[in-house]
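Here are my notes on the model you sent over, written as numbered points. Have the structure open while you read.

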Amino acid sequence: MLEFEFSSHGAGMIHAYRWEPEGQPRGVVQIIHGIAEHIGRYDDFASFLAARGYVVAADDHMGHGGSVT
């Protein structure tokens, strides 16, 4: 899992993750978390998908998880 941040084009930074498979990817999955959640809750599911060949990308919405200003 790769952990990184990028500008929110407003106030603060967006905290994000990317899980990558070994070898050629089969596809890409974007995970969007729910209300009062953070993307860390989806680590097991994202790891499951990556182990089956998918690139998985996800971020904490502003005010959630690591994207708190």
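1. The strands themselves (E, at least two residues) and the helices (H or I, at least four) are DSSP runs, numbered from the N terminus. With that settled, β2 and β4 run antiparallel and are joined by four bridges. One of the facing pairs is R18 with A57 in β4.

2. A word on what we are looking at. This is a predicted model, where local features need pLDDT of at least 70 and side-chain atom pairs count only at pLDDT 80 or more, while totals for chains, interfaces and linings use all residues. Residues are numbered from 1 along each chain as its sequence is written, and side-chain values use heavy atoms, with hydrogens and water left out.

3. Now the whole sheet. Four strands make up an open sheet with mixed pairing, in the order β1-β2-β4-β3. At the edges sit β1 (2–7) and β3, each pairing on one side only. From one strand to the next, the twist averages 25 degrees. For any angle here, axes are lines fitted to C-alpha atoms (for helices over the stretch in contact), and angles run from 0 to 180 degrees between N-to-C directions.

4. The β1 and β2 pair deserves a look. These two strands pair in the antiparallel sense over six bridges, and they form a hairpin with five residues between them. Within the turn, H9 has a positive phi of about 55 degrees.

5. How covered is β2? Five of its seven residues are buried, so call β2 mostly covered. Buried means under 20% relative accessible area, exposed means over 50%, and partly exposed is in between (1.4 Å probe, protein chains only).

6. H15 is one to click on in strand β2. At 9% relative accessibility, H15 counts as buried. The side chains of H15 and E3 are joined by a polar contact of 2.5 Å. That term means a pair of N or O atoms within 3.5 Å; within protein, one must be able to donate a hydrogen and the other to accept it, and residues adjacent in sequence count only if both atoms are side-chain atoms. Leaving aside neighbours within four places in sequence, H15 has contacts (heavy atoms within 4.5 Å) that include E3, F4, E5, D59, D60, G66 and S67.

7. On to the helix. Which residues of α1 (residues 43–51) are buried? They are A46, L49 and A50. Seen down the helix axis, these fall within an arc of 100 degrees, so they line one face of α1; the arc is that of the directions from the helix axis to the C-beta atoms. As a reminder, an α-helix has 3.6 residues a turn, so residues three or four places apart point the same way. D44 and A51, on the other side of α1, are exposed.

8. What covers that buried face? The cover for the buried residues of α1 includes β2 (13–19), β3 (27–31) and β4 (54–59). The helix α1 lies across β2, β3 and β4, and runs at about 155 degrees to β4. After α1 comes G53, with a positive phi near 100 degrees.

9. How many salt bridges does a search of the whole structure find? There are two, where a salt bridge is a side-chain nitrogen of Lys or Arg within 4 Å of a carboxyl oxygen of Asp or Glu. One links E20 with R18, whose closest N and O atoms are 2.6 Å apart. R18 counts as partly exposed, at 30% relative accessibility. Another joins the side chains of R41 and E37 (3.2 Å, N to O).

10. E37 lies in the loop between β3 and α1, and at 15% relative accessibility E37 counts as buried. Leaving aside neighbours within four places in sequence, E37 is in contact with Y42 and H64. E37 and H64 are 27 residues apart in sequence, yet 6.7 Å apart in space, C-alpha to C-alpha.

Methods. Pairing = 2+ DSSP bridges.
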